[in-house]
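The points proceed from overall confidence to individual contacts.

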Amino acid sequence: LFLFLVAVCHTVAKRMHDLGLSGWWSIPIVAACWSLPPLTFVVLGLIFGLKGQVGENHYGPDPLSSHPR
């Protein structure tokens with residue numbers, strides 16, 4: 001169970017970076033989803049459904065960019 005939570009936090013943190021936000025946001029997001037299971041699909045659906053930042057941000061290049069580094 002612990003390894004599963006670490007993997008989920010890691011995935012959400014990478015998504016937060018894609019959105020231009022700190023990966024630390026993954027901890028309260030995963031905690032909220034853990035404490036309110038019906039909220040899980042809504043929150044994760046919104047997070048993974050949002051379009052990431054266009055172009056490079058301070059977490060790295062845009063993974064969807066057609067210009068490789």
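1. Confidence. This is a predicted model, and the mean pLDDT of the protein is 84, with 94% of its residues reaching 70 or more.

2. Overall composition. The protein contains 3 helices and 0 strands, and its elements run α-α-α from the N terminus on. Along the principal axes, the C-alpha trace spans about 40 × 20 × 15 Å. Of the 69 residues in the protein, 23% are buried. Considering contacts between residues at least 6 apart in sequence, 53% join residues at least 24 apart.

3. Helix 1 against helix 2. Two packed helices are described by the angle between their axes and the distance between the axes. For helix 1 (residues 2-18) and helix 2, the axes come within 9 Å and cross at roughly 130 degrees. Helix 1 is therefore oblique to helix 2. The crossing in which helix 1 passes helix 2 is right-handed. On the helix 1 side, the residues involved are Leu5, Val8, Cys9, Val12, Ala13 and Met16, which meet Ser26, Ile29, Val30 and Trp34 in helix 2. By class, the residues of this contact comprise 9 nonpolar, 1 polar and no charged.

4. Helix 2 against helix 3. The axes of helix 2 (residues 26-35) and helix 3 (residues 37-49) come within 6 Å, crossing at roughly 145 degrees. Helix 2 contributes Ile29, Ala32, Cys33, Trp34 and Ser35 to the contact, while helix 3 contributes Pro37, Leu39, Thr40, Val43, Leu44 and Ile47. The residues of the contact of helix 2 with helix 3 divide into 9 nonpolar and 2 polar, with no charged residue. Ile29 and Trp34 of helix 2 take part in this contact and also in the contact with helix 1.

5. Arg15. Is Arg15 buried or exposed? This residue of helix 1 has a relative accessibility of 11%; because buried means under 20%, Arg15 counts as buried. Leaving aside residues up to four places away in sequence, Arg15 touches Ile47, Phe48, Leu50, Lys51 and Gly52. One of these, Ile47, also belongs to the helix 3 side of the contact with helix 2.

Terms used:
Residues are numbered from 1 along each chain as its sequence is written. This is a predicted model: local features need pLDDT of at least 70, side-chain atom pairs count only at pLDDT 80 or more; totals for chains, interfaces and linings use all residues. Side-chain values use heavy atoms; hydrogens and water are left out. Axes are lines fitted to C-alpha atoms, for helices over the stretch in contact, and angles run from 0 to 180 degrees between N-to-C directions. Helices (H or I, at least four residues) and strands (E, at least two) are DSSP runs, numbered from the N terminus. Contact means heavy atoms within 4.5 Å. Ala, Val, Leu, Ile, Met, Phe, Trp, Tyr, Cys and Pro count as nonpolar, Asp, Glu, Lys and Arg as charged, and the others, Gly among them, as polar. Angles under 35 degrees count as roughly parallel, over 145 as roughly antiparallel, 65 to 115 as roughly perpendicular and the rest as oblique. A crossing is left-handed if the near helix is turned anticlockwise from the far one by less than a right angle, and right-handed if clockwise. pLDDT is the predictor's confidence in each residue, from 0 to 100. Buried means under 20% relative accessible area, exposed over 50%, partly exposed in between (1.4 Å probe, protein chains only).
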